[in-house]
Structure formats: structure tokens, C-alpha cells
Amino acid sequence: MWVPLAPIEVAIREKFIPALFDIASFELIGELRHLLSLVKKGGLAIRFPVEQAATCYKTSRAAVEKLVETLVVGRRLCVRLHKQTMDAAQLASRNERDFDADHFLTQLGREKLCVKRRLERSCETGAWFTLVPSALNGSISILSAEEFRDNVRLRYNPKPLDMPDLCLCDGCGANMTVEHALHCKVGGLVHCRHNYVTREFGFLCQAFSNGATNYEPHTYNSDQRPMEDDAAAATAESATQQHQATDGSNPAPVTCHEDRGDIQNLFWESMRSCIFDTRIVDADARSYRNKAPKAVLRQHEREKTWKYKKACLEPRRYFTPLCNTADGMAGREARNAASPGLPFGVKMEAPTQPP
């Protein structure tokens, strides 16, 4: 039997979706069911018209039940009751769709722990799919075809485009795989992502909050330097004087340790600055494979807070860690800082209150 919408579904399955990934259609057979889910469920929110026609018909019929009943009986339509019926039908359909998506994700995650962890992160890292490309939304919303396809492929675990099978890391010489590129501290990719997140958040602070934005601020002021720094500075000055007195040469400079944040801005409150420190985490690293991604982010937020909190609170400054996974999953503090209405309008309570 000929189905009117069948050609459209065939084009979506065999032309449109393979073009998004730049991959052959037969290689996506296992992922097609996943792509039907909403973005918040790890999918692409692509609809197959024939497959979902029965569900849409059921929802539509339930939504107009009161309207049809009014027309058949011939009485006046109660708009309030009709709206309640429509809302109930839409809610029931949405709940049914979410239940099916959760069940499907659970079944996928049972086979491998790495797949479960990837699916858990993908449910919270799809905002760039639904963001309208525009200059107002920033450079993250305007992607080239290669950037879009690489991000989509990494989301569903195929290799990026044009990545050779045998390639060595420029920094450490190890075999360059996707996993190695996400956690190597020598090759530079981790530092590039760190600097990109820092500059993007600093740009938003500069555009929408009060006061100037400073990069790499000192967490200690001049009256707050640790005793170790004072001792190191005194030792360096004494060594310089001794060498100059003996042979007139200058020794290698002895530098003292000075902790720095990444961004300083009047973010949470006027006339009281906040220091942000960025950290990019590879949640699939071997040391984190037995931890949930959210637990990994909480661990790094605690480490940052323990390291910088006391030094920032002494001169009455806030401190907020910006911890994100390499694929974009944000920690609790980073989500609070990026919430709608911030850093202007109605503000949330600052995460680290001064004494």
C-alpha cells in the first residue's frame, strides 16, 4: 500500500541524516532510533513522519475531543474546557515520548559503561543544536559544515572527518586518538579549550555585567602573600647580592609561587568582584571511569574551592569555579553563572559568601 509520507521518510533516512554526518546510510542503522529522541534526551529531535503518524493522530484526536463533541451536539463551545483538554493531551503525549526515550537510553547503557556515560553527558550538552545561528548568540552558534559534522560525530562516537588511522601527537608523540586528544596536557588541545571557554565567558561578562573584566588576576594581594612566597623572594634577593659581590654575575631568577584565577569581574554583586577559574575535564579518562560525570565535576569544583576560596574571601571577593567536561557538560557552579537573567536582572545567591 502506498503511503503519502513514505517518500519523505525515505529521503530523511537515506539522504538527510547521512548528509549531516557525512557518512554512508547503512552505517547509521543502529543510531536512527536514537536520533528520534529530543535533544535533552541525547537525540537530534528528527521526526520520521510514517513511523510517528499513529502517535500524532492519537494525540490530535484526544486534543480536539471536546471541540468535536460540541460540534456534534450543537451547543456553545467552552474555550476554557477545550484548552484544558488540549493541554492534557499534549502533556500525556510528551510524557509518553519521554518515557520511551528514557527506556531506550537505559537499554543502550546496559551493554557498556562507556556508552552509558556518553549518553548521560549528551543529554546535557545539546544546547548548540537548538540555538539559532546569529551574531548576537556569539561565535558558538555559527559553525562551518566541518565543525558541525565533527561535533555531531563526536556526540554519537564516530571518528571526526579526515582523521588518519595512524597519527602521532605533536606534544608527547603518542598515538593521536580522540581519547588522547581530550586529555593530553602536552599537545595543546586541552589548553586551547580552556582558553576558549575563559575568553568566551570573559566576553559575556564584559558585555552584560558591570565593571571591567580582567584576565589572570592574582588571588593574593600584596598584604596577603603566603610566607613561602616571602621566603622565596628573600632567598632570591640574598643569592643575587652574594653573586654580584663575588664574580659580578647574576644567577637565574628564583620565582615565587603566585596563584592566579582566570577572570575577575563585578559579576554577582556591584562593588564586589568575583574571581572565576576554569577547568576542562575529560570525564572518560581512566581514573574517572568508575565515577558518574556529575561526581567528577563536583570533585573538581571542591578542589578549586579548597585552593582559592580562602584567598579570595579575605579581601571580600567571591570565587566561582567554572568546571566543564571536554564535551561541554557544565558543573553546578558553571550552570548557576550561565543561568538566564545572569549576570544582569534577577540574580541568584552568590555561591561563596564572604565572612
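Which residue lies over the face of Tyr215? In this predicted model, that neighbour is Arg199, placed 4.0 Å from the ring centre. With that as a starting point, let us walk on to the other rings.

A pair of aromatic rings is described by the distance of the centres and the angle of the planes. The structure has five aromatic pairs in total. One of them joins Phe267 and Phe276 in an edge-to-face arrangement, with 5.1 Å from centre to centre and 85° between the planes. Both Phe267 and Phe276 are buried. Ring pairs also tie these two into a cluster together with Phe201 and Trp268.

Next, follow the chain through strand β2, which covers residues 263-269. Because five of its seven residues are buried, β2 is largely enclosed by the rest of the structure. Its partner is strand β3, residues 272-281, and the two run antiparallel over four bridges. Across this pairing, Asn265 stands opposite Cys274 in β3. The two strands make a hairpin with two residues between them, and in the turn Met271 has a positive phi of about 65°.

Cys274 brings us to the cysteines. A disulfide is a covalent bond between the sulfur atoms of two cysteines. Searching the whole structure turns up zero disulfides. Cys205 is in none, as its nearest cysteine sulfur, in Cys274, is 8.3 Å away. For Cys274, the closest cysteine sulfur belongs to Cys312, at 7.9 Å, and that is too far for a bond. Cys205 counts as buried, with 1% relative accessibility, and Cys274 is buried too, at 0%.

Methods. Residues are numbered from 1 along each chain as its sequence is written. This is a predicted model: local features need pLDDT of at least 70, side-chain atom pairs count only at pLDDT 80 or more; totals for chains, interfaces and linings use all residues. Side-chain values use heavy atoms; hydrogens and water are left out. Rings of Phe, Tyr and Trp (its six-membered ring) pair if their centres lie within 6.5 Å; planes under 30 degrees apart count as stacked, over 60 as edge-to-face and the rest as tilted. Buried means under 20% relative accessible area, exposed over 50%, partly exposed in between (1.4 Å probe, protein chains only). A charge sits over a ring if NZ of Lys or CZ of Arg is within 6 Å of the ring centre and within 35 degrees of the ring normal. Two strands pair if DSSP finds at least two bridges between them. A disulfide is a pair of cysteine sulfur atoms within 2.5 Å.
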